[in-house]
Amino acid sequence: MSRTALRICPLCEATCGLTLTIEGTRVTHARGDRDDVFSKGFVCPKGASFGAVDADPDRLRTPLVRRDGELREATWEEAFDAVAAGIRPVVERYGPNSVGVVLGNPNVHTMAGALYPAVLLAGLGTRSVFTASTVDQMPKHVSSGLLFGDAHAIPVPDLDHTGHLLLIGANPLESNGSLCTAPDFPGKLKALKARGGTLVVIDPRRTRTAKLADRHIAARPGTDALLLAAMAQVLFDEGLVDPTPHVQGVEEVADALREFTPEAVAAACDVEADVIRTLARELAAAPTAAVYGRIGSCTVPHGTLASWLVDVLNILTGNLDRPGGALFPQAATDKTPRPAGPGRGFALGRWHSRVSRHPEAKGELPLSALAEEIDTATEEGEPVRALLVVAANPVLSAPDGNRLDKALASLDFMVSVDPYLNETARHADVVLPPPPPSQSPHHDFAFNTLAVRNQVRYTRPAIPLEPGRMAETEILARLILAVTGMHGADPAAVDQMVIDQTLGKAVEEPHSPVHGRDPRELAAQLTGDTGPERRLDMMLRLGPYGDGFGVRPDGLTLQQLLAHPHGIDLGPLRPRLPQPLKTRSGKVELLPQPIADDLPRLKRALEERPDGLVLVGRRHLRSNNSWMHNVPALTGGSNRCTLHIHPEDAERLGVRDGAQVRVKGAGGEVTAPAEVTDDVRRGVVSLPHGWGHDRPGTRLSHAATDPGVNVNQLLDGRLLDPLSGNAVLNGVPVEVAPETAPGCASVTEKLTALT
């Protein structure tokens with residue numbers, strides 16, 4: 001007999017509510033939950049394929065431990081014994097920085113990934129921390145930290161109320177949104193147009209989102225910051241500035257951007273000066289407007305400057321912290337709001353990587369530097385000798401996977417927390433597989449801080465934990481104990497320690513609703529069947545909508561949330577300044593010194609004109625990085641690893657549609673089929689990311705049948721945005737030539753020989 005259960009989808013940032021049909025212990029169908037307070041029934045192909053993702057036969061069911069050079073099935077006890085025996089000697093002999101930690105994108109899609117990594121890092125005390133943020137979004141964190149004093153204070157567009165939306169480097173019809181949590185992003189954009197609003201898209205590709213736009217600007221890749229700077233200059237030059245309150249540094253920004261006129265940047269951006277002026281004027285004239293930039297504007301040489309300028313434009317037009325503009329969400333599990341006033345601010349470069357001296361950002365080092373931190377000896381400190389990889393596949397997601405592949409093979413010890421034996425996990429000495437998502441609880445700690453409407457939802461596991469499985473929360477709790485010298489202790493002690501520490505601090509804070517109370521009495525009030533649920537209950541009670549442990553009887557608690565299985569609507573985004581600011585001045589600091597110091601580098605970019613082709617990535621609606629290529633329902637069709645090339649470039653190079661072409665970059669060369677299309681502008685080629693499933697020793701049977709190529713192998717990892725350490729993945733020069741038969745020279749080689 002079948003039954004239904006609710007589940008929040010963990011497969012992208014939209015966090016849609018699902019209704020699952022379950023037969024026995026198997027999910028047989030998934031549809032959108034029409035009563036979900038946030039997603040209201042919307043579902044994308046990934047969510048509809050939840051059952052196939054959940055039941056993938058290649059998912060590991062038991063731990064693997066390397067014995068005699070081979071990974072073999074083991075018990076959980078054997079696996080954690082091996083972790084403790086492998087990691088602790090490295091820490092004790094070489095120090096905590098000799099143990100690296102890599103956190104992948106899926107961590108923010110699970111409760112375990114939100115609740116435990118910070119405890120793991122604090123317990124280890126290592127500074128060798130690498131995450132997916134530095135191949136994705138770190139520029140936005142850095143610019144927000146510098147502007148607002150808090151790297152997590154990221155304003156999002158008020159999609160439901162804005163009248164003018166400018167997207168740069170974003171394709172939410174494919175990505176479902178990123179750093180902007182919005183179920184049914186396509187529907188929200190169509191509603192914007194239906195109410196008479198304007199959608200502007202700046203992107204070198206005519207994406208699905210660009211095809212919906214009122215105005216599409218195919219700017220040259222990597223020139224986002226120049227284009228945005230010129231728009232800001234027009235606002236100053238034409239007296240169109242009406243800044244948001246609580247801001248300092250407006251005049252200084254006017255001086256700093258004076259030379260970035262539309263005429264000065266037009267050639268570099270390949271956008272006419274009059275078009276740039278029109279973009280600025282329309283933005284300023286709109287009653288409500290928002291500028292939103294994403295991965296295409298982050299993964300470029302001036303990613304932090306571009307991210308900064310997105311908010312500069314919102315601020316100069318008065319649209320920051322205004323309904324219909326860009327506002328700061330307020331999640332139910334945010335810390336107790338403190339009174340507005342000066343804070344500690346945000347600092348960069350508190351320490352540096354050992355080899356190339358890259359500055360840390362938000363406590364992280366560039367993922368691009370991981371290989372050299374393992375394989376390069378220096379006089380300063382020990383190399384990374386052991387690695388903990390949690391839900392990450394950097395062999396595919398970081399530049400120069402071939403070098404990293406070799407570096408991982410040289411480690412003294414490696415642990416991977418992953419449901420698959422993928423291109424990275426195959427190097428591990430211990431693999432700890434979490435259960436499928438149907439057997440896990442779900443609450444979106446991170447994405448609710450980026451949601452376009454304030455709401456709160458929680459779903460318990462739809463299916464009981466299978467015998468022999470271990471909850472992901474317990475896996476990470478036991479991992480913390482094993483690597484910090486407490487192997488064998490009760491994993492519940494980790495949650496209790498966090499609860500004790502959090503409540504101990506809360507009762508000492510004057511602005512806290514529990515100031516002066518007994519933390520033991522508060523802990524006794526917590527409800528929940530597990531440690532993670534008790535922690536969620538604590539965070540809800542202490543949060544901005546919480547009951548304050550009885551202070552506000554109608555406030556949020558876990559029990560109240562469980563009584564509302566489709567979620568609780570907390571209302572539209574509201575103006576919050578100056579409360580979210582943590583700068584030393586207590587104001588938005590519009591021209592922080594690191595930004596000012598980097599502007600001369602942007603000025604030099606005015607003279608840069610790539611002669612050849614440049615590469616950009618792309619995303620498909622049925623894909624999410626390298627996660628889902630092993631699911632047949634999410635591959636095939638238009639979701640293919642092909643090189644998009646403009647017809648004029650294809651004709652010039654002798655490239656035929658469907659024929660194999662060689663693409664060469666600073667880090668290597670790949671071969672992929674050409675897809676000739678005018679959806680990409682002249683001078684630009686595009687390969688999707690997340691592919692390259694052709695390495696031996698993995699267990700990805702379906703992905704291996706159509707492996708594609710790893711676009712990041714075209715990069716050698718040297719190109720970084722200096723402020724954030726983010727990898728430059730877009731706008732990088734490449735050479736393209738038809739693939740030739742063995743012994744035959746390519747067109748490029750023939751031309752080289754002639755000259």
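The pLDDT is the predictor's confidence in each residue, on a scale from 0 to 100. This is a predicted model, and its chain has an average pLDDT of 95, with 98% of the residues scoring at least 70.

**Confidence**

- Over residues 741-755 the pLDDT falls below 50. In the model, this stretch has 13 contacts beyond near neighbours in sequence.
- Where pLDDT is low, the predicted coordinates should not be read in detail.

**Salt bridges**

- Side chains of opposite charge can pair when their charged atoms come close. The structure contains 48 salt bridges.
- One of them joins Asp-214 to Lys-193, with 3.9 Å between the closest N and O atoms. This pair links distant parts of the chain, 21 residues apart: Asp-214 lies in the loop between α9 (208-212) and β11 (215-217), and Lys-193 belongs to helix α8 (residues 185-194).
- Asp-214 counts as partly exposed because its relative accessibility is 45%. Lys-193 is also partly exposed, at 29% relative accessibility.
- Lys-211 and Asp-679 form another salt bridge through their side chains, at 3.4 Å from N to O. Here, too, distant parts of the chain are linked: Lys-211 is in helix α9, while Asp-679 is in the loop between β24 (668-676) and β25 (684-686), 468 residues apart.
- Lys-211 has a relative accessibility of 52% and therefore counts as exposed, whereas Asp-679 is partly exposed, with a relative accessible area of 22%.
- The side chains of Asp-716 and Arg-718 also meet in a salt bridge, with an N to O distance of 2.6 Å. Asp-716 counts as partly exposed at 21% relative accessibility, and Arg-718 is exposed, with a relative accessible area of 68%.
- Salt bridges with shared partners connect Arg-206, Lys-211, Asp-678 and Asp-679 into one network.

- Strands of a sheet pair through backbone hydrogen bonds, either parallel or antiparallel.
- In this model, three strands form an open sheet in the order β1-β2-β3, and their pairing is antiparallel. Strands β1 (2-8) and β3 (26-32) are the edge strands, each pairing on one side only.
- On average, neighbouring strands of this sheet are turned by 30° against each other, direction ignored.
- Strand β2 (residues 17-23) runs antiparallel to β3, and six bridges join the two. Leu-18 stands opposite Gly-32, a residue of β3.

Note on methods:
Residues are numbered from 1 along each chain as its sequence is written. This is a predicted model: local features need pLDDT of at least 70, side-chain atom pairs count only at pLDDT 80 or more; totals for chains, interfaces and linings use all residues. Side-chain values use heavy atoms; hydrogens and water are left out. A salt bridge is a side-chain nitrogen of Lys or Arg within 4 Å of a carboxyl oxygen of Asp or Glu. Helices (H or I, at least four residues) and strands (E, at least two) are DSSP runs, numbered from the N terminus. Buried means under 20% relative accessible area, exposed over 50%, partly exposed in between (1.4 Å probe, protein chains only). Contact means heavy atoms within 4.5 Å. Two strands pair if DSSP finds at least two bridges between them. Axes are lines fitted to C-alpha atoms, for helices over the stretch in contact, and angles run from 0 to 180 degrees between N-to-C directions.
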